[in-house]
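User: I'm new to this one and would like a close look at a single part of it. Could you walk me through it once it's on screen?

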Amino acid sequence: MARRIDVTGAGGVRLAAWEFGDPPKGIPAQSSGGRQRPAEPERTSGVLLLHGLMGRASHWASTARWLSERHRAVALDQRGHGQSEKPPQAAFTREAYVEDAEAALEQLGLAPAVLIGHAMGALTAWQLAAKRPDLVRGLVVCDMRASALGAASQREWADWFTSWPLPFATLADVRKWFGEDDPWVERPNPSRGEFYAEAMHESPDGWRPVFEPEQMLKSRETWVYDAHWEELAQVRCPALVVRGLDGELGRAEAQEMVRVLPRGEYAEVADAGHLVHYDQPEGWRTAIEAFLDTVLSPDAP
């Protein structure tokens with residue numbers, strides 16, 4: 001059963017955080033009006049999961065459930081995503097995303113926590129780790145590049161959004177288009193179809209994304225033109241860089257990120273693309289579990 005916890009992010013934007021598994025013993029459930037209240041800080045290891053662009057907290061449900069067997073794991077719907085607010089005039093800057101994650105750690109009583117981020121969520125995670133080392137005890141970076149992607153990449157994304165055949169008549173149509181028919185799909189990928197089906201909701205005329213594409217492009221343009229090596233070098237906690245063998249983060253760049261990180265480690269998941277935790281959930285767990293056990297051990301420095 002998913003439990004929602006309300007968080008107030010930067011500029012007063014209301015954010016939804018979620019627990020998808022039972023909290024470890026000793027953490028009482030707290031509810032208010034059918035929703036969870038932020039818990040008081042507890043003496044337990046905390047994990048905050050940050051999805052990527054167009055993602056949502058529920059994409060982490062499987063990971064959060066096995067994590068919750070031993071740790072307090074919370075996934076955040078970031079601004080403009082999932083069930084968090086999507087104000088038209090809200091800031092979709094790097095600073096806002098980082099401040100939201102910072103607020104979540106503090107209001108949920110998770111710190112010092114391990115941050116697990118996918119794609120844009122990984123960038124937010126390492127920028128927060130560089131900014132507030134007191135809040136972060138470990139970092140998992142999943143398939144996110146530190147190098148600049150450039151203007152051509154942003155134009156490609158804008159064109160891609162306009163190619164979506166919205167609205168989709170059924171969720172089956174969503175799965176088929178993103179898993180097979182999307183021009184960006186090199187070969188059939190059912191897990192990709194499932195990933196995007198999770199990011200849709202039913203509207204009067206069919207199935208549409210739970211996010212506004214314009215807000216996604218705004219969010220992306222605040223980091224796509226810049227390189228992010230400097231913040232990576234400022235991360236002082238243990239950090240694991242994970243890539244899918246067929247993902248967007250190449251091996252050479254991933255290994256350079258590990259070299260730049262003061263306490264970096266590397267892991268690779270076979271038969272996985274950009275959506276590592278969806279493509280190969282067991283391989284993903286194997287790649288990160290030993291690292292998490294070490295970092296979240298009561299004896300860890």
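Leaving aside its neighbours within four places in sequence, which residues is Trp126 in contact with?

Analyst: Quick note before we zoom in: this is a predicted model. The protein chain has a mean pLDDT of 93, and 93% of its residues reach 70 or more. Residues 28–43 are another story, with pLDDT under 50.

Now to your residue. Setting aside neighbours within four places in sequence, Trp126 is in contact with Leu139, Val141, Met144, Arg145, Ala146, His228, Glu231, Leu232, Val235 and Met257.

While we're on tryptophans, let's turn to ring pairs. The structure holds 19 aromatic pairs. Take Trp18 and Phe20: their ring centres are 6.5 Å apart with the planes at 20°, so this pair is stacked. Both Trp18 and Phe20 are buried. Trp60 and Trp284 also pair up, but tilted, at 6.0 Å centre to centre and 35° between the planes. That pair links distant parts of the chain, 224 residues apart: Trp60 sits in the loop between strand S5 and helix H1, and Trp284 in helix H11. Trp60 has 0% relative accessibility, so it counts as buried, and Trp284 counts as buried at 0% too.

Methods: Residues numbered from 1 in each chain as written. Predicted model: local features only at pLDDT ≥ 70, side-chain atom pairs only at ≥ 80, totals over all residues. Heavy atoms only, no water. pLDDT = per-residue confidence, 0-100. Contact = heavy atoms within 4.5 Å. Phe/Tyr/Trp six-rings, centres within 6.5 Å; stacked < 30°, edge-to-face > 60°. Buried < 20%, exposed > 50% of the residue type's maximum accessible area, 1.4 Å probe, protein only. Helix = DSSP H or I, 4+ residues; strand = E, 2+ residues; numbered from the N terminus.
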